[in-house]
Amino acid sequence: MVSIRRVHQDDRPQFSDLLAQLPLSASTKEKLRSIAESPDILLIGQEMVEILHELHMDDETLQAALIFPYCQIHALSPNDIIDSFGENIAGLVLKVRKMDAIKTIQSTLEQNNEQVEKLRNMMLAMAEDVRAVVIKMAERICTLHRIKDEEEETRVLVARECANIYAPLANRLGIGQLKWELEDLSFRYLHPDIYKKIAKQLKEKRKDREQYITDFVEDLQLLLDKENIQAEVIGRPKHIYSIYKKMHKKQLSFEQLFDIRALRIIANRLQDCYAALGTVHAHFRHLPSEFDDYIATPKPNGYQSIHTVVVGPAGKSIEIQIRTEQMHQDAELGVAAHWRYKEGSAGKSADMDERVMWLRKILQWQEEMAESGNLLEEFKNQVFDDRVYVFTPKGDVIDMPAGATPLDFAYYIHSNVGHRCTGAKVNERIVPFTYRLQTGDQVSVLTSKSGTPSRDWMHPGLGYAHTARARATIHSYFKRQDKDKNREAGKELLERELTKVHVPLKIPEGTIDKYNMKSLDDLHAAIGAGDIRVMTVVHYLSQLHEPVENETEIPEKLIKPRRKTKGHGIVAEGVGNLLSNVAKCCQPVAGDPIVGFITIGKGISVHKAVCTQLDNMLKQHPEREIEVNWESEDEGSFQTNIKVFSTDRDGLLRDLTTELANLKVNILGVSSHSDTKKGTALINITVEVPNTDKLKQAMQRLLSVPDITSVSRG
């Protein structure tokens with residue numbers, strides 16, 4: 001059976017005694033003794049080792065866990081670890097340190113290249129060796145224990161990180177023993193009053209409840225033995241957070257809960273599980289609404305067990321979980337069980353690898369996800385969202401985030417299937433792309449050889465594609481279609497800007513590597529598409545070169561007079577003293593790629609380069625197009641609209657405006673529309689910002705508000 005730690009720090013055994021109990025080699029024990037100097041740091045490492053030992057982790061994991069706290073205080077360098085413990089241990093410790101990048105998921109700041117790279121490295125570390133995340137979870141549990149006497153702000157910050165990130169991750173990896181401890185400790189700090197109330201209620205009637213369970217366990221064990229069913233009946237510990245979650249979800253009082261009294265039946269074989277279920281239901285009335293067979297249909301993290309609630313003696317409800325010993329170990333250990341089977345059944349080891357297959361899929365998609373800016377969103381979808389199970393026509397089971405559509409399913413199968421998708425059938429009936437898949441649905445994708453994606457599919461508010469993965473693949477498709485056009489536009493734009501600051505037009509080879517491009521054409525295309533800001537490249541190149549003094553080196557077609565227009569810090573090329581006005585149709589903000597249009601009597605109308613109205617005007621009067629640029633992105637302020645799609649709820653508008661106020665963004669107006677049938681809301685917020693960086697920061701902040709599905713410029 002999997003043990004549950006009940007050791008307080010005062011009762012913790014001496015480190016030498018702990019080492020003697022661990023199944024480690026003599027040389028490993030000696031190495032561990034050699035670094036066990038600082039009592040405080042040793043205590044952290046010792047507790048981590050105890051946690052991981054209960055998960056049956058291997059020798060290397062235990063060594064890395066004890067070493068890790070010393071690395072955090074820089075008492076051991078990577079070279080020290082390699083010299084004393086070898087490269088494998090040093091590599092594992094490095095992967096644990098990369099897990100700090102998971103904090104990026106909680107960040108409200110705009111996702112940037114550095115954050116994406118850190119997150120990618122973290123996922124790679126997890127996929128290569130999932131022991132890293134198990135060690136990190138053990139370290140977080142130790143931290144939760146240590147901060148009980150810290151100030152409230154510290155406790156809340158750590159608890160929120162563990163509750164929002166590490167507990168769901170432990171659940172996704174199937175490590176129940178770490179999941180419940182992360183949840184309970186975090187809940188204790190985040191909701192201390194509720195925690196104490198439930199703990200008190202559990203304590204008040206503990207003796208009566210324990211005696212009731214003891215008697216019921218004995219009676220049920222006799223029934224199973226009489227039927228020759230090989231199984232053991234045991235009591236089950238109750239976790240305070242799970243009690244609270246059930247009370248909150250079902251709106252029940254403590255006394256109304258079914259599983260305050262709970263036990264497990266651990267059977268030797270699968271057939272004994274169903275035989276035990278038959279015996280239980282034959283002798284006790286059960287509640288059909290509380291029955292779940294997770295053996296026939298496992299949870300997304302691989303969890304298997306039968307759950308049922310019966311009415312026992314004195315009319316009291318009892319929750320019973322029935323599973324095999326193997327299922328019990330897997331439920332408590334999850335991917336950690338992999339190392340128990342490493343030397344045994346290869347099939348079981350492969351089964352454990354399936355638990356992190358979802359992570360490897362994200363790594364396969366990372367280029368599309370990163371370039372579309374949705375890597376964080378997809379990681380959240382895959383780790384923290386509820387899941388639904390659907391079936392292919394061949395009967396294969398596919399698990400997807402709750403809310404996924406048939407179009408998401410098509411792109412999950414293959415990008416080309418998604419691109420050519422023209423419709424879908426669910427359970428042999430045609431459904432719209434906006435249909436939300438439900439567990440048990442059988443999905444068939446209808447395709448056409450000449451089918452192509454629609455740009456509307458990328459719009460989150462329209463509901464065609466729910467997952468960031470699908471939207472990123474569609475975005476990538478259109479980006480490739482426009483690559484030639486973007487390449488030419490980017491090349492001309494870069495040459496023009498380099499000419500202005502008198503920098504040679506020849507691009508050094510290192511520039512391509514700096515911006516993670518494979519070729520100069522790719523760099524030009526990225527500039528033309530707006531993925532890389534041209535002034536960022538110009539600034540970098542200007543630092544590498546001395547300015548060109550001889551203007552004969554500059555192509556004559558690129559030399560144009562430069563005069564400043566009045567208003568908004570905009571520079572127009574080759575015109576006199578004309579006024580400039582920001583167009584109301586697209587409301588460009590400093591930092592947006594812009595194009596000028598010479599009006600009659602109103603100066604220059606400045607539009608975003610992708611403005612539809614500008615395209616229509618230029619088709620009629622192409623001669624009125626004029627090049628304009630922002631002189632500075634820090635001058636003045638600009639009015640623009642932000643469109644927010646959300647699940648409708650009380651306090652939504654208040655939460656949105658509070659986030660903007662905290663960011664010191666002026667709100668000029670708000671309008672909203674609610675769809676009561678669908679339970680959704682569309683909110684338009686007019687704001688005043690100095691540049692696109694501030695706008696993106698505001699949009700990212702709004703996206704972090706609970707129940708928000710998408711945020712875009714209006």
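Guide: Contact here means heavy atoms within 4.5 Å. Helices are DSSP runs (H or I, at least four residues), numbered from the N terminus. By that rule, Leu220, Leu223 and Leu224 in H12 meet Ala276, Thr279, Val280 and His283 in H14. A word on where this comes from: the model is predicted, with local features needing pLDDT of at least 70 and side-chain atom pairs pLDDT 80 or more, while totals for chains, interfaces and linings use all residues. Residues are numbered from 1 along each chain as its sequence is written, and side-chain values use heavy atoms, leaving out hydrogens and water.

Visitor: What makes H12 oblique to H14?

Guide: The axes of H12 (residues 206–226) and H14 (residues 270–283) cross at roughly 120° and come within 10 Å. Axes are lines fitted to C-alpha atoms over the stretch in contact, with angles from 0 to 180 degrees between N-to-C directions. Under 35 degrees is roughly parallel, over 145 roughly antiparallel, 65 to 115 roughly perpendicular, and the rest oblique. So H12 is oblique to H14.

Visitor: Why are H9 and H10 called roughly antiparallel?

Guide: H9 (residues 152–172) and H10 (residues 176–190) pack at about 155°, with axes 8 Å apart. That angle falls under the antiparallel heading, so the pair is roughly antiparallel. The contact includes Arg155, Val156 and Tyr166 of H9, and Lys179 and Leu182 of H10. Its residues split into ten nonpolar, two polar and four charged. Nonpolar covers Ala, Val, Leu, Ile, Met, Phe, Trp, Tyr, Cys and Pro; charged covers Asp, Glu, Lys and Arg; the others, Gly among them, are polar.

Visitor: And what makes H8 roughly parallel to H10?

Guide: H8 and H10 pack at about 30°, with their axes 10 Å apart. Hence the label roughly parallel for H8 and H10. Val134, Met137, Arg140, Ile141, Leu144 and His145 in H8 meet a set in H10 that includes Leu182 and Tyr189.

Visitor: Which residues touch the most other members of the largest nonpolar core?

Guide: Among its 51 residues, they are Leu52, Ile81, Met137, Leu144 and Leu182. A nonpolar core joins buried Ala, Val, Leu, Ile, Met, Phe, Trp, Tyr and Cys residues through side-chain atoms within 4.5 Å, where buried means under 20% relative accessible area (1.4 Å probe, protein chains only). H8 gives the most to this core, nine residues.

Definitions and conventions: Helices (H or I, at least four residues) and strands (E, at least two) are DSSP runs, numbered from the N terminus. Buried means under 20% relative accessible area, exposed over 50%, partly exposed in between (1.4 Å probe, protein chains only).
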